[in-house]
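Here is a short note to read beside the model. Keep the structure open and find each residue as it comes up.

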Amino acid sequence: MEIRPVPYDHPDAVKLDAEVQAEYEVRYGDGGDATHMDPADFRPPNGVYLIAYDNAGVPVASGGWRVQDANEEGNQDGDAELKRMYVIEQMRGRGLARRILAALEEDARAAGRVRMVLETGTKQPEAIALYASSGYDPCGKFGYYRFHEDSLCYAKPL
């Protein structure tokens, strides 16, 4: 497995993003995540987007972080927001999400961010379990879905 940074609008990132959006549609029936995302948000030093590739060079997992500071959506100064964590179905249960999460935390810490935050939903028990077991605690709601009943927000000091 090789984890490497790619632009958020790289074809492999676009492919995995379409897959995660389709999964959100199945789980929530809402057409996917409507949070605005700009490829520039994931350009260092203001973020990074990672893809894990298998030995054949196939993209199998992704995730990114982007700078967030105090804003009207509930973020705090020093936040790094985790986005688009995803592992293709046939590669789940092998620790890929945990490896990407650790790499993202390390990168955000090196960029001077002080807290990693994320939003997930009640219909993603696997994600909730990953974050809880990785030291994330519930926090005040933030972001696009902060007023949605199914929204859950977590944070971890970096």
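1. Start in a loop. Pro45 sits in the loop that connects α1 and β2 (47-53). The peptide bond leading from Pro44 into Pro45 is cis, and its omega is near 5 degrees. Helices here are DSSP runs of H or I with at least four residues, strands are runs of E with at least two, and both are numbered from the N terminus.

2. A word on the source. This is a predicted model, where local features need pLDDT of at least 70 and side-chain atom pairs count only at pLDDT 80 or more, while totals for chains, interfaces and linings use all residues. Residues are numbered from 1 along each chain as its sequence is written, and side-chain values use heavy atoms, with hydrogens and water left out.

3. Stay in that loop for Asp41. Asp41 also lies between α1 and β2. Is Asp41 buried, partly exposed or exposed? Its relative accessibility is 24%, so Asp41 counts as partly exposed. The cut-offs are these: buried is under 20% relative accessible area, exposed is over 50%, and partly exposed is in between, with a 1.4 Å probe and protein chains only. Beyond its neighbours within four places in sequence, Asp41 is in contact with Asn46, Gly47, Trp65 and Arg66. Contact means heavy atoms within 4.5 Å. Arg98 is another matter: Asp41 and Arg98 are 57 residues apart in sequence, and their C-alpha atoms are 22 Å apart.

4. Now the whole chain. The protein has three helices and seven strands. From the N terminus on, their order is β-α-β-β-β-α-β-α-β-β. The C-alpha atoms fill a box of roughly 45 × 35 × 30 Å along the principal axes.

5. Check the overall packing. For 158 residues, a compact globule would have a radius of gyration near 15 Å, and the protein agrees with that at 14 Å. The radius is taken over C-alpha atoms, and the rule is 2.2 Å times the number of residues to the power 0.38. Of the 158 residues, 45% count as buried. Take the contacts between residues at least 6 apart in sequence: 64% of them join residues at least 24 apart. The protein exposes about 7,900 Å², with 52% of that supplied by carbon and sulfur atoms. These areas come from the Shrake-Rupley method with a 1.4 Å probe, and for residues only the protein chains shown count as cover.

6. Look for the largest pocket. About 860 Å³ of space lies in it. On a 1 Å grid over the protein atoms alone, a pocket is an open set of points with protein on both sides within 12 Å along at least five of seven lines; a cavity is a set where a 1.4 Å probe fits but cannot get out; lining residues have an atom within 4 Å of a point. Points are joined across faces, edges and corners, and a volume is the space filled by probe spheres set on them.

7. What lines this pocket? There are 36 lining residues, and Tyr24, Met85, Thr120, Gln124 and Ala127 lie nearest the centre. α1 (11-28), β4 (79-87), α2 (96-110), β5 (115-121) and α3 (125-133) each supply at least two residues. β4 gives the most, with six. The lining divides into 15 nonpolar, eight polar and 13 charged residues. Nonpolar covers Ala, Val, Leu, Ile, Met, Phe, Trp, Tyr, Cys and Pro; charged covers Asp, Glu, Lys and Arg; the others, Gly among them, are polar.

8. Arg84 has a positive phi of about 55 degrees although it is not a glycine. Arg84 is buried, at 5% relative accessible area.

9. Next, the cavity. The structure holds one cavity of 30 Å³ or more. The largest cavity has about 50 Å³ of space. Thr35, Glu81, Lys83, Glu119, Phe142, Gly143, Tyr144 and Tyr145 line it.

10. Follow Glu119 from that lining. Glu119 is found in strand β5. At 23% relative accessibility, Glu119 is partly exposed. Not counting residues up to four places away in sequence, Glu119 touches Phe142, Tyr145, Ser151, Leu152 and Cys153.

11. Finish at Gly140. Gly140 lies in the loop between β6 (137-138) and β7 (151-157). Gly140 is exposed, with a relative accessible area of 53%. Gly140 and Cys153 are 13 residues apart along the chain, and their C-alpha atoms are separated by 6.6 Å.
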